[in-house]
Amino acid sequence: MNRFWTEGSLFRYGAFRLATAVLVLIGSMTLLCCLTLLVPGDPATILLGPRATPEAAALLREQMGLNLPLYERVAVFFANALRGDLGVDVINGRPVAGMVFAALPNTMLLAVSAIGLAVLIGIPIGCYAAVRQGSLLDQALAVASVGLVATPSYVVAITLLYFFSVRLGWFPVLGAGDAGDPLDQLHHLVLPTIALAVGWIGYIARLVRSSLLEVLNEPYIRTARAYGQPERRIVMKYALKLACIPTVAILGVGIGELMGGALFVEIIFNRPGLGSLIFDAIRNRNYPIVQGGILVVVSIFVLVNLLVDFSYAWLDPRVRESLGRAGGGA
Amino acid sequence: MEVFRRIWASPSGRLGMVATLLVILGGVAAPLIATHMPNQLDVAARLTPPSAAHWLGTDHLGRDLFSRALFGTRIAVGVALAVTATALAAGILLGVVAASGPAAVERTILAAFDIISSFPSLILALALVAVLGPGLINIIILVTIVFVPQFGRVARAQTLAVKERPFIEAERALGASSGRVLTFHILPNIVGPIVVLASMNIPVVITLEAGLSFLGVGIRPPLASWGTMLFDGFTYLEQSVWPVLVAGGSLTLATLGFTLFGEALRDALDPKLRREP
Amino acid sequence: MSADALVKIENLSVDFSTAKGALHVLRDVSLSIPRNRVVGLVGESGSGKSTLALALLGLLPDNTGRVAGRIELDGENLLDTPPEELQKLRGGRIAMIFQDPMTALNPVFSIGTQLVDAQRNRHPKIGRRELLKRAGDMLKRVGISNPEARLAAYPHQLSGGMRQRVMIAMALLCEPDILIADEPTTALDVTIEAQIVKLIGDLRADFSGSIVLVSHSLGLISELCDEVAVMYAGKVVESAPTKNLFGNPRHPYTLALLACEIDPEDEPGEPLTTIKGGLPDLIDVPKGCIFAARCPSRFDRCAEEPPLRDVEAGHRSACWLA
């Protein structure tokens with residue numbers, strides 16, 4: 001155990017980050033439970049809205065433990081969540097966990113494809129733009145990236161939908177495709193993925209470009225050149241590893257934005273997924289689904305951030321020394 | 001003023017300034033230049049393309065798109081400004097308190113910040129809207145909550161940085177009150193980075209509010225948000241592209257404009273970039 | 001100029017392009033680096049000595065404008081050599097130790113990896129494990145204990161002195177014919193500096209190539225070098241074997257530099273000697289002797305630029321009074 005616990009080891013860093021993540025998760029659950037306190041009056045009736053029958057209200061109250069003090073509620077919520085029980089929905093009494101985890105893979109597929117596409121295209125473009133500064137591609141990138149990043153994802157999605165599905169008919173408008181046919185599913189996946197990825201490609205490319213330019217001016221790159229390393233190796237091996245660090249960092253935060261964007265994309269392209277699920281639940285005032293769905297989203301977000309921090313520490317050994325306390329520290 | 005000149009000097013900054021001004025002027029002058037009332041129905045002229053009567057066409061209820069876009073500006077920019085101003089005020093307050101108060105208070109505030117930021121902004125907004133319900137005031141409140149941590153952290157960091165400087169100790173030794181130190185030293189230092197943050201924040205708020213309205217849980221009719229316009233247009237996309245075009249175009253103009261302006265502002269204020277040859 | 005020169009620099013001129021015009025960093029510099037000798041380049045900041053070192057390496061910065069003259073290595077003019085061949089020379093026949101070990105090493109790669117990669121030009125056929133072993137042996141030779149641990153470590157985990165030893169090891173591993181050390185001790189504490197100076201002195205005995213030592217420290221130069229060239233504002237103003245230069249300086253600038261050295265025998269409270277004035281404008285270079293404006297011994301002939309010529313065997317000076 002001692003061997004693993006040395007200063008600056010990945011293991012120790014990982015352990016601390018994990019502990020932090022768990023604390024944040026508990027805090028989020030507390031917040032979710034707290035939200036109902038924000039509501040004046042009887043939360044159950046308010047949450048159910050116009051459909052509030054006394055029986056439904058009582059059921060919801062019991063369900064969500066609204067009669068219990070806050071800390072007990074959080075504890076119960078946490079314990080249940082660990083067991084995989086996220087409650088039942090108010091309309092049909094179906095288990096929330098089942099619905100959420102059925103919808104989750106669709107959303108993950110979309111999110112992962114989008115990130116993959118963005119990284120796959122963004123990093124090489126950024127690399128090229130840095131090495132060939134001032135070229136046509138570099139200038140085009142500068143212009144396009146700001147536009148694509150600033151435009152809201154749903155506007156991009158609708159625009160793509162309009163041109164490529166409605167007008168040109170190249171891609172289907174609705175749904176995720178036939179379950180048994182991977183090719184059809186892929187066909188349905190193309191536009192939504194592009195819609196999600198497009199802003200990210202520009203952002204990542206610009207980020208890689210500027211950090212690569214910065215890195216290439218650093219003294220240690222001069223050392224590499226002084227020892228006759230070929231320029232290609234210098235860029236690909238020495239500079240790129242460092243230049244990708246900021247990209248990895250933003251991916252962690254970006255995943256949250258991505259999930260938000262995925263929600264819109266799911267609705268616009270009428271795909272099943274967590275986004276559609278939560279959205280319909282909000283419209284139907286089906287709060288347990290909202291709560292359960294959001295909890296899963298947040299957990300994934302925290303998990304991804306953890307992984308990002310990990311790869312950050314793997315990429316940049318200097319980070320391993322600092323232990324990233326929760327709450328920021330003095 | 002030097003700052004504005006510098007922003008004007010860069011092409012993207014110029015574009016940003018022009019777009020931003022267009023949007024703001026459009027919103028302010030809406031009652032004057034709009035050709036129709038935004039909620040005026042004209043069922044006979046549903047989903048028409050641009051014409052002399054309706055400069056940008058009509059939506060599915062025959063309402064003039066140009067006028068709706070103009071009034072939508074008031075919502076978009078109004079909400080963005082209200083949210084940013086409130087989040088700024090709350091953030092600065094909490095940040096300064098966190099930096100200068102007792103450690104327990106600081107830890108609590110930071111923990112609250114961490115928890116709020118652990119939610120993706122849209123998801124948090126949805127969670128809050130699920131509880132509070134839609135509507136203009138609620139949206140302003142909940143979107144503010146989403147953005148307080150950003151400002152709070154910057155305010156705290158700047159306060160900490162200033163606090164450590166020796167001249168502050170000297171001033172305290174001379175008997176300067178905390179209030180004096182706060183007003184004359186800490187606040188001026190916070191202003192710079194916060195102004196940039198705030199200007200970069202506006203397009204994000206516009207996007208978030210329009211997004212919530214798009215999903216139907218934001219601004220409710222009769223108020224015309226670009227988000228609701230977009231959703232309505234989307235429903236009828238196959239019949240007419242104009243509602244989507246107008247709403248989407250307005251959103252893009254506003255977000256692009258404010259983003260470019262914010263970036264140019266940041267570059268103009270950045271001492272590092274002010275290198276003399 | 002000695003007949004057995006390894007490198008002959010002839011009439012080298014280098015300009016940098018700036019917003020205000022061409023900066024004439026090096027003007028008509030001629031110098032030779034004999035085999036198996038340690039040549040010192042001494043001068044204040046802005047004298048052009050670091051630029052000369054970079055020119056030897058072929059790594060002049062991006063804003064370099066006009067480059068004229070010759071740098072001859074084995075009869076080939078390095079300035080005319082295509083970049084691919086220059087790249088092979090670096091880390092093979094020519095190696096450089098940079099000034100600041102803090103920033104000269106890549107923070108995200110281990111010391112071992114960097115030392116292995118540095119050898120690839122010299123030993124392209126040898127495998128990684130063997131190169132690593134050689135790196136470990138060299139670390140031991142430069143006085144680093146526990147080399148295996150250091151090979152696995154990252155630069156930020158080493159102290160400044162150790163990092164500089166690593167840089168020295170890196171250069172020596174290439175078995176270069178020319179080793180250029182650019183201010184090797186400037187960024188280090190005085191006590192560490194003494195250790196590094198001793199190390200260089202010890203290693204020199206086993207080193208079969210030539211060393212070019214660039215520094216503004218006269219003490220360092222006098223201790224380690226066989227020959228010295230004094231540079232001022234982009235020109236060589238005096239060059240001689242070390243003993244001759246320090247024992248019998250023949251240029252007012254050299255005299256002034258020596259006078260500026262802090263003398264431990266001085267009484268406390270004695271004002272420090274300085275050279276009045278500042279560096280001349282290198283964009284609009286004044287005519288005549290470049291040091292004339294600050295020279296206490298100037299006279300009317302100084303309006304004409306004195307050539308660098310032999311005043312004794314092996315001792316050159318660019319002064320009418322020499």
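**Close-up views of a predicted model**

**View 1. Helix α11(A) and its surroundings.** The buried residues of α11(A) pack against α5 (96-131), α10 and α12 (287-315) of chain A together with α6 (121-132) of chain B; contact means heavy atoms within 4.5 Å. The model is predicted: local features need pLDDT of at least 70, side-chain atom pairs count only at pLDDT 80 or more, and totals for chains, interfaces and linings use all residues. Residues are numbered from 1 along each chain as its sequence is written, chains are lettered from A and ligands numbered from 1 in the order in which they are written, and side-chain values use heavy atoms, with hydrogens and water left out. Helix α11 (residues 274-283) of chain A is mostly covered, with eight of its ten residues buried (under 20% relative accessible area, 1.4 Å probe, protein chains only). Among the buried residues are A:Leu274, A:Leu277, A:Ile278 and A:Phe279. Helices (H or I, at least four residues) and strands (E, at least two) are DSSP runs, numbered from the N terminus.

**View 2. Packing of α7(A) on α10(A).** The axes of helix α7 (residues 153-167) and helix α10 (residues 231-268) of chain A are 9 Å apart, at an angle of about 30 degrees. Axes are lines fitted to C-alpha atoms, for helices over the stretch in contact, and angles run from 0 to 180 degrees between N-to-C directions. The two helices, α7(A) and α10(A), are therefore roughly parallel to each other (angles under 35 degrees). On the α7(A) side the contact includes A:Tyr154, A:Ile158 and A:Leu161, and on the α10(A) side A:Phe264 and A:Val265.

**View 3. The open sheet of chain C.** Eight strands with mixed pairing have the order β6-β7-β8-β3-β9-β10-β12-β11 in chain C; two strands pair if DSSP finds at least two bridges between them. At the edges are β6 (94-97) and β11 (309-312) of chain C, each pairing on one side only. Direction ignored, neighbouring strands are turned by 25 degrees against each other on average. Strand β3 (residues 38-42) of chain C runs parallel to strand β8 (residues 210-215) of chain C, joined by five bridges, and C:Val42 stands opposite C:Ser215 in β8(C).

View 4. Four bridges pair β6(C) with strand β7 (residues 178-182) of chain C in the parallel sense, and C:Ala95 stands opposite C:Leu179 in β7(C).

Definitions and conventions
Parallel < 35°, antiparallel > 145°, perpendicular 65-115°, else oblique. Buried < 20%, exposed > 50% of the residue type's maximum accessible area, 1.4 Å probe, protein only.
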